[in-house]
Each structure stands twice: as structure tokens, then as C-alpha cells.
Amino acid sequence: MVAAPFFAIAQSSLFDKFEDMNDVSSVIVNKEAFKMLSKFKGSGPEVKEYMDLVQNIESFRVFTTENSAIASQMSVTIDSYLKSSKLTELMRIKDKDANVKIYIRQGKDENHVNELLMFVNDMKNKTNQQAVILSLTGSIDLNKISTLVEPHIPNSGKHLKKQ
Amino acid sequence: MSLWSVVLLFIACDLTPSLQKYIVESKENNEYIAIDLPASIISLNETEVSEEIKATLATIKKMNFIALQITDTNKALFESEKQKVKTILKNPEYKELIKVNNNGTNIVVCYLGKEEAINEVVIFGSDNKKGLAVVRVLGENMNPADIFKISQVINIDSNSTQVKALKGILGGFK
């Protein structure tokens, strides 16, 4: 019980301030939800693979905005977070559609990371999205993560899989 | 029992009933729509079911539903009530599962208890144009995996007055 408040602090993140902003859409899924999901056993190899992937996830957060002022605020927050955290850059992709940056914190081996942070801005696509922050914590298998990331950041999967 | 654990116990008891208090107060407020659904409206599709299913079903006790619909005159009340629920759910006793926020519509799902023995599930939804709703499912050691398993065989009595009232309200929100 004594540990509970500290645990709660560990769960919150620097990006949570975007959650209450009107022009930001967010999805936050916590460890407990992934744990529960992994108990709804289904059958088939895809289900098994999905369960292996989500079992060790601590949190999953996505913040999306169509507001350019908030997009630049997100960029500032990402920069200051990178300065204070031990993340290393995995890759940076700049093409005609967007500017994508991916950062990781090394996990138990070269295929696993303990944190994955993606930031996409300068988006030029049909949707009006300006910027997306995607943050994943927990033990994450880089080879499998595209299943979770792809729906939020289209075409990101092919970049991650290249690893 | 040490003084420290007494203090902790006191804090725990002091914090957890606040949603209960909020629901009771909302029921007395005419702006709110409130419905209590007893577990008896959930019945089984088949008459012959295993004891295991019956036991799982017995862990669900009742459901509270309250909603506040925005009108021309109660916008301020909506804002203050929304903050009230948000503050209650910030209590770390409520373990947050999923939170989705999209263009002024927010949905939060959280629970009290342990992941395999849940005592309370709270779903809080709010929309800056329509209003807010709180659904609370009360039970005793509810196991989500088991409930998920039996969800195929259960049947909600759609002719009960409570369910009809609920449908009426939900229709009004659209």
C-alpha cells in the first residue's frame, strides 16, 4: 500500500499534459489492460504472437493533434524529454510525407527495448494530422512492435521491421 | 495493529467511498438521470449451465448508471461535475485501464481490486457537447477472463423496466 502512490507517479509521463488539451486526441492503455487482454485466451498463432507482444508492456500512449501550435509544443516537450532521459536515436526518416524520429532505450538484448518513443511531425497527408507522439514502455520486441504502432502511424512498420 | 497501519486503513476508507458519495448525491440532483440495475436482469441463455458459469455470474452484484445531459442552463454544472468525477478517479486506488480522448469526447475505464479479483469497474464518459455518464459495476472478486468467457452465454433481460429506461436515455444522447 505504501508503494502504491509511487507506482502511480511512475505511470504518469511528461506527455500527459497533452491529454487535457482540446485539440489533442489521445489513447492511453496501461499495463493492467494488457495483462487482462493476455488472459482472454483465443486460439491460433496470431493470437499467441499478440499475447507474447503485449504481456510485457507497461504503458502505451498516443497523442495526436491537428493544431500546429500544439504540434510545435510537442516538439519542444520531446526535445526536453530527450535531454533528461537516456534514450538513443534509432532512426530518423524525412520524406515527402512526414518527418519521423524514433528513439529507444536498450532492453535485455538487441531485439528488445525498454522504451520506444516515436515522434512524427511536418505531416503532409490527406488527414489533417500535424504531429503524433507515440510512447511505449515495458519490454518490447522490436521485431513485433509494428503491429501496435502501424495503426497510429501508417507506414512506420516497414521502417521498424528493417531492423 | 500499529498506528501506521491504522492511519493507512483510515486513508483507504476515507478515499474509496467518494464515488459512492458522488453517485448518491447525483441521484438526489434533478439534473441527473440515475438507474440502478440489479444483477438479476442478467440471465442465462441456456437453462443447463455449469456451476462454474453460475459462480462467475454470482460475482457480479449490481450496476449503477448515472448521466447528466447538457442543456442550455446547466453547462457550468456539467463542467464542475466533470471535474468532480475526474478528481475521484485520480485516486491511485482506481487502476486505470484505458483512456481515450477524441475531439472533446473522453472515455476512461478503471477498476478497484486486483486484476483477477475486481470489486468495482467504473466507466466514465464525457462529451463537451452532450454531457457525461458514469457506469459502475459492483461485484465481489470478479475475474475479467471468466466474465469474458461467460459473456457468450449470458442474456440481458431487455424487457425489464430498467433496461428500457436505459435504452431511452441512450437514445436521447445520440
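Strand β6 (residues 131-141) of chain A is largely enclosed by the rest of the structure, because eight of its 11 residues are buried. Here a residue is buried if 20 or more other C-beta atoms lie within 10 Å of its own, exposed if 12 or fewer, and partly exposed in between, with C-beta atoms placed from the backbone. Helices (H or I, at least four residues) and strands (E, at least two) are DSSP runs, numbered from the N terminus. The model is a predicted one, in which local features need pLDDT of at least 70 and side-chain atom pairs count only at pLDDT 80 or more, while totals for chains, interfaces and linings use all residues. Residues are numbered from 1 along each chain as its sequence is written, and chains are lettered from A and ligands numbered from 1 in the order in which they are written.

Strand β6(A) has partners on both sides in the sheet order, between β5(A) and β2(A). Two strands are taken to pair if DSSP finds at least two bridges between them. Strand β2 (residues 57-65) of chain A pairs with β6(A) in the antiparallel sense, over eight bridges. Within this pairing, A:V62 lies opposite A:L134 of β6(A). Strand β5 (residues 112-121) of chain A is also antiparallel to β6(A), again over eight bridges. There, A:F119 has A:I133 as its bridge partner in β6(A).

Strand β1 (residues 24-30) of chain A is likewise largely enclosed by the rest of the structure, since six of its seven residues are buried. Seven bridges join β1(A) to β2(A) in antiparallel fashion, with A:V29 opposite A:F60 of β2(A). Four antiparallel bridges link β1(A) to β4(B), and A:S26 stands opposite B:N101 of β4(B).

These pairings belong to an open, antiparallel sheet of 12 strands, ordered β3(A)-β4(A)-β5(A)-β6(A)-β2(A)-β1(A)-β4(B)-β5(B)-β6(B)-β7(B)-β3(B)-β1(B). The edges are β3 of chain A and β1 (32-38) of chain B; each has a single partner strand, so one side of each is left without a neighbour in the sheet. The twist from one strand to the next averages 10°. Angles run from 0 to 180 degrees between N-to-C directions, and axes are lines fitted to C-alpha atoms, for helices over the stretch in contact.

In chain B, strand β4 (residues 95-102) and strand β5 (residues 105-114) pair in the antiparallel sense over seven bridges. B:K99 has B:V108 of β5(B) as its bridge partner. Helix α4(B) packs on the sheet and touches β3 (60-69), β5, β6 (117-127) and β7 (131-142) of chain B; its direction makes about 25° with that of β7(B).

The largest nonpolar core holds 63 residues, of which A:L116, A:M118, A:I133 and B:V122 touch the most other members. Such a core is a set of buried Ala, Val, Leu, Ile, Met, Phe, Trp, Tyr and Cys residues joined through C-beta atoms within 7 Å. Leaving aside residues up to four places away in sequence, B:V122 touches B:L19, B:L89, B:Y94, B:C110, B:Y111, B:V134 and B:R136. A contact requires C-beta atoms, placed from the backbone, within 7 Å.

A:R92 lies in strand β3 (residues 88-94) of chain A. A:R92 counts as exposed because it has 11 C-beta neighbours inside 10 Å. A:R92 and A:I78 are 14 residues apart along the chain, and their C-alpha atoms are separated by 14 Å.

Chain A has six helices and six strands, in the pattern α-β-α-α-β-α-β-β-β-β-α-α. Of its 163 residues, 32% count as buried. Among contacts in chain A with a separation of 6 or more, 56% involve residues 24 or more positions apart. Chain B has six helices and eight strands, and 25% of its 174 residues are buried. In chain B, 66% of the contacts between residues at least 6 apart in sequence join residues at least 24 apart.

The model scores ipTM 0.72 and pTM 0.76. pLDDT is the predictor's confidence in each residue, from 0 to 100. Its average is 80 in chain A, where 80% of the residues score at least 70. Chain B averages 82, and 80% of its residues score at least 70. Among the elements of chain B, helix α1 (residues 3-15) has the lowest mean pLDDT (56), and helix α4 (residues 75-90) the highest (93). Over residues 1-11 of chain A, pLDDT stays under 50, and the model has six contacts beyond four places in sequence for them. Where pLDDT is low, the predicted coordinates should not be read in detail.

Technical notes:
Contact = placed C-beta atoms within 7 Å.
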